[in-house]
Amino acid sequence: MSIDRRNFLKLAGLGTVGLAASPAIDLFASVKVPEVSKKSGKRWAMVIDLPKCHSEKDCTSCVDACHKTHNVPDFGNPKDEIKWIWKESFHGAFHDVGHEHLKEDILHGPSIVLCNHCDNPPCVKACPTQSTWKREEDGIVMMDWHRCIGCRYCVVACPYGARSFNWRDPRQAENMKDINLDYPTRMRGVVEKCTFCEELLAKGKLPSCVDACKAGALTFGDLNDSHSKVRELLENNFTIRRRPGLGTQPQIYYIV
Amino acid sequence: MSDKRNIIIGVIIFILLMTIPIWLNLATGTSTERPELEKPKGDACVMDKEYMTSYHMDLLNEWREEVVRNGEREHIAPDGKKYDRSLTNTCLDCHPSKEKFCDQCHNYLGVKPYCWSCHIVPEEFK
């Protein structure tokens with residue numbers, strides 16, 4: 001079979017278009033919201049029942065327990081504040097969800113917020129030393145403070161403000177005189193955040209905030225276990241997450 | 001060869017200057033004091049004594065890596081005994097005083113490990 005010049009050029013052109021199209025198709029195919037991993041093993045998650053939480057007025061047990069357990073310093077000023085779990089205004093936590101005629105107690109009551117242990121964590125992508133990473137076996141977004149170089153890329157990357165930088169030596173804080181001897185402190189120049197109490201989970205205990213909650217508003221469990229308490233709550237209640245449009249897939253769910 | 005005398009004097013002065021740390025140490029007697037370590041409380045270590053003397057830093061790095069990154073918290077000693085991989089809760093159980101144990105050699109050798117800027121020595125907080 002002979003081929004003339006005109007047909008040869010046509011075929012070559014078609015081939016080039018085909019080669020160029022394949023990566024372009026891949027690119028469009030990859031722009032989708034990732035699904036919650038269904039890999040073997042656990043997927044820790046938390047359900048926070050805001051009405052139950054509000055039933056205990058001015059309660060700070062979860063925050064106090066967490067910060068005591070993990071030697072989180074308190075310098076008494078917002079500039080140096082270190083937060084693992086804290087109270088946020090509803091607007092601060094869910095500014096893209098609420099509206100001004102929302103139920104009064106939800107709108108004006110505090111929302112308990114912490115690291116969302118996202119399934120698609122932006123902080124992990126930002127970290128240049130892999131000192132923060134997502135554990136494949138249980139989904140916890142962990143931190144290795146030994147490796148943190150204090151670049152604060154993760155602080156910028158986290159859309160939830162869940163990461164705090166130690167501007168000062170945490171041991172100089174007033175509340176560190178009453179230190180928890182079983183847990184280390186951090187040092188100046190290191191970023192820290194909630195670790196879902198992985199050190200307690202390893203001993204088969206519940207996270208300290210869940211353990212401390214008097215109202216029973218915090219429920220912790222395994223999303224991959226269809227009989228777990230978190231799955232039961234998620235199936236029987238309408239729940240929301242913080243800034244779902246970002247595609248980070250937060251694993252802290254809120255009953256409002 | 002009229003400079004012979006000057007050269008010899010120069011060489012002697014040079015050697016004396018180069019070896020001045022030795023003479024200073026001999027004069028002040030600091031180098032003759034070998035570090036004295038406090039006897040541990042327990043009777044067995046997580047590894048044998050010779051290994052720990054030379055390689056405890058490697059062991060601690062390995063523990064750090066295993067616990068933080070792989071979630072493996074158990075150390076099995078050569079005699080089969082199991083230990084929690086923890087600096088504060090395992091090492092310091094037998095060697096409670098950082099000052100009388102760790103610091104002895106570290107100061108002698110002039111090394112400054114930064115373990116303690118985060119890890120807690122319970123004795124210092126009592």
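**Figure 1. Chain A as a whole.** Chain A has a radius of gyration of 23 Å, whereas a compact globule of 256 residues would have one near 18 Å. The radius is taken over C-alpha atoms, and the globule rule is 2.2 Å times the number of residues to the power 0.38. This is a predicted model: local features need pLDDT of at least 70, side-chain atom pairs count only at pLDDT 80 or more, and totals for chains, interfaces and linings use all residues. Residues are numbered from 1 along each chain as its sequence is written, while chains are lettered from A and ligands numbered from 1 in the order in which they are written. The C-alpha atoms of chain A fill a box of roughly 90 × 45 × 40 Å along the principal axes. The chain has ten helices and ten strands. Helices (H or I, at least four residues) and strands (E, at least two) are DSSP runs, numbered from the N terminus. Buried residues make up 32% of the 256 residues in chain A. A residue is buried if 20 or more other C-beta atoms lie within 10 Å of its own, exposed if 12 or fewer, and partly exposed in between; C-beta atoms are placed from the backbone. Among contacts in chain A with a separation of 6 or more, 66% join residues 24 or more positions apart. Two residues are in contact if their C-beta atoms, placed from the backbone, lie within 7 Å.

**Figure 2. Helix α3 of chain A.** This helix covers residues 61-69, and A:Cys62, A:Cys66, A:His67 and A:Thr69 are buried in it. Seen down the axis of α3(A), these buried residues fall within an arc of 165°, so they line one face of the helix. The arc is that of the directions from the helix axis to the C-beta atoms. The buried residues of α3(A) pack against β2 (85-89), β3 (110-114), α9 (208-212) and β8 (218-222) of chain A. Just after α3(A) comes A:Asn71, with a positive phi of about 50°.

**Figure 3. Strand β10 of chain A and its partners.** Strand β1 (residues 44-49) of chain A pairs with β10(A) in the parallel sense, over four bridges. Two strands pair if DSSP finds at least two bridges between them. A:Ile48 has A:Tyr254 in β10(A) as its bridge partner. Strands β9(A) and β10(A) run antiparallel, joined by two bridges. Here A:Thr239 stands opposite A:Ile255 in β10(A).

**Figure 4. Two loop residues with positive phi.** Most residues other than glycine have a negative phi. A:Phe196 is not a glycine, yet its phi is positive, about 60°. A:Phe196 sits in the loop between β7 (191-192) and α8 (198-201) of chain A. A:Phe196 counts as buried because it has 25 C-beta neighbours inside 10 Å. A:Gln249 also is not a glycine, and its positive phi is near 55°. The loop that holds A:Gln249 lies between β9 (239-240) and β10 (252-255) of chain A. With 19 other C-beta atoms within 10 Å, A:Gln249 is partly exposed.

**Figure 5. Where chain B touches chain A.** Twelve residues of chain B are in contact with eleven residues of chain A. On the chain B side, helix α3 (residues 49-70) of chain B gives the largest share, three residues. This side divides into five nonpolar, four polar and three charged residues. Ala, Val, Leu, Ile, Met, Phe, Trp, Tyr, Cys and Pro count as nonpolar, Asp, Glu, Lys and Arg as charged, and the others, Gly among them, as polar.
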